[in-house]
Amino acid sequence: MPDLSAAPRRLAVLGSPIAHSLSPALHRAAYAELGLDWHYDRAEVASGELEQFLAETTGGTGTGTGTGDRPWRGLSLTMPLKREVLPLLDTVSPLALSLGVANTVVIDDDGRRHGHNTDVDGIVRTVEAHHDARPESATILGGGATASSAMWAAWQLGARSFSVHLRNPMRAGELTSLASELGGDISIAPLTELGTLAPLDFVISTLPGGVADDLPLRPRSESSILFDVAYEPWPTRVASTWSADGGIAFSGLDMLVEQAVSQVRLFTGRAQEERLDDEDRVRAAMRAAVGLPETGSTAAGAAGSAGSATATASTSVTTSPVA
């Protein structure tokens, strides 16, 4: 692992819109806890602008500076850049390559860009920390980059069949290919057909905030999970309805924290699965930075609150999955 403790570094989250992003708060808290003199900011980068941004800020070599003499160390990516970045990378992790989605770019001392996906970690660790879910099937709402990560996470948690619902079923090609790669069965339907389904056991909504509010989702039992990547306000209306009907609803804010923890691991030179020194302390600082309790989750619902602390995030943002 390279010694990064002495050198000031620069990092940023990129996307559009980006003013709402909580990533700067999370990462600044983490690097302060780790004693690193690193500067993490945000930059508005729209679709089609990423290549120019990289050329102008990292000089085409990855080692350019933007804040004093701070070399770049890494980038967090949100929509619409998670797919656009792939051809601009020197290496891509096997997971990011399979998903066709990278939300993390590590820039090494030679200026090479290395792409990773930590969104899957965000979902899996959130669920596993507070629930022993092992779903046989999963319902995925949405068809964007986060939906691909959601499908992989559901597969990692045990799902082997997937029901995908999106506004335009013609845009489900990448998810269909991914399900085939995972060896799972998949069905595709418009969101309007959700009302015809029986109660559900495991749902991940990757829809932007507010889009899922009036969808007719019903839990099958008190252990049934809805993971809503939207998180402001929390609980969302669909999460409130789900929990009122007896299910457990998880928030995208927990996901945001956990995917950022994996990013910090990578940016500090560790493998994605390698824990930070005193990681629990770092995680607690990150959670506090976005208004979460140091332990527990934002899970809403009787079964969820019995097994973990229930909290409501107080940070006011306009959300889109996931930044």
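**Helix packing and burial in a predicted model**

α5 passes α6 in a right-handed crossing, meaning that the near helix is turned clockwise from the far one by less than a right angle. The model is predicted, with local features needing pLDDT of at least 70 and side-chain atom pairs counting only at pLDDT 80 or more, while totals for chains, interfaces and linings use all residues. Residues are numbered from 1 along each chain as its sequence is written, and side-chain values use heavy atoms, leaving out hydrogens and water.

User: Which term describes the orientation of α5 to α6?

Analyst: Helix α5 (residues 145-157) and helix α6 (residues 173-182) have axes 10 Å apart, at an angle of about 20 degrees. Angles under 35 degrees count as roughly parallel. Therefore α5 is, relative to α6, roughly parallel.

User: Which residues of α6 make the contact with α5?

Analyst: Contact means heavy atoms within 4.5 Å. On the α5 side it is made by Ala 147, Ser 148, Met 151, Trp 152 and Trp 155. The α6 side supplies Leu 175, Leu 178, Ala 179, Glu 181 and Leu 182.

User: Is Leu 50 buried or exposed?

Analyst: Leu 50 is found in helix α2 (residues 50-57). Buried means under 20% relative accessible area, exposed over 50%, and partly exposed in between, with a 1.4 Å probe and protein chains only. Because its relative accessibility is 2%, Leu 50 counts as buried.

User: How far apart in space are Leu 50 and Leu 14, C-alpha to C-alpha?

Analyst: Leu 14 is among the residues that Leu 50 touches, not counting residues up to four places away in sequence. The two are 36 residues apart in sequence, and their C-alpha to C-alpha separation in space is 8.6 Å.

Notes. Axes are lines fitted to C-alpha atoms, for helices over the stretch in contact, and angles run from 0 to 180 degrees between N-to-C directions. Helices (H or I, at least four residues) and strands (E, at least two) are DSSP runs, numbered from the N terminus. Angles under 35 degrees count as roughly parallel, over 145 as roughly antiparallel, 65 to 115 as roughly perpendicular and the rest as oblique.
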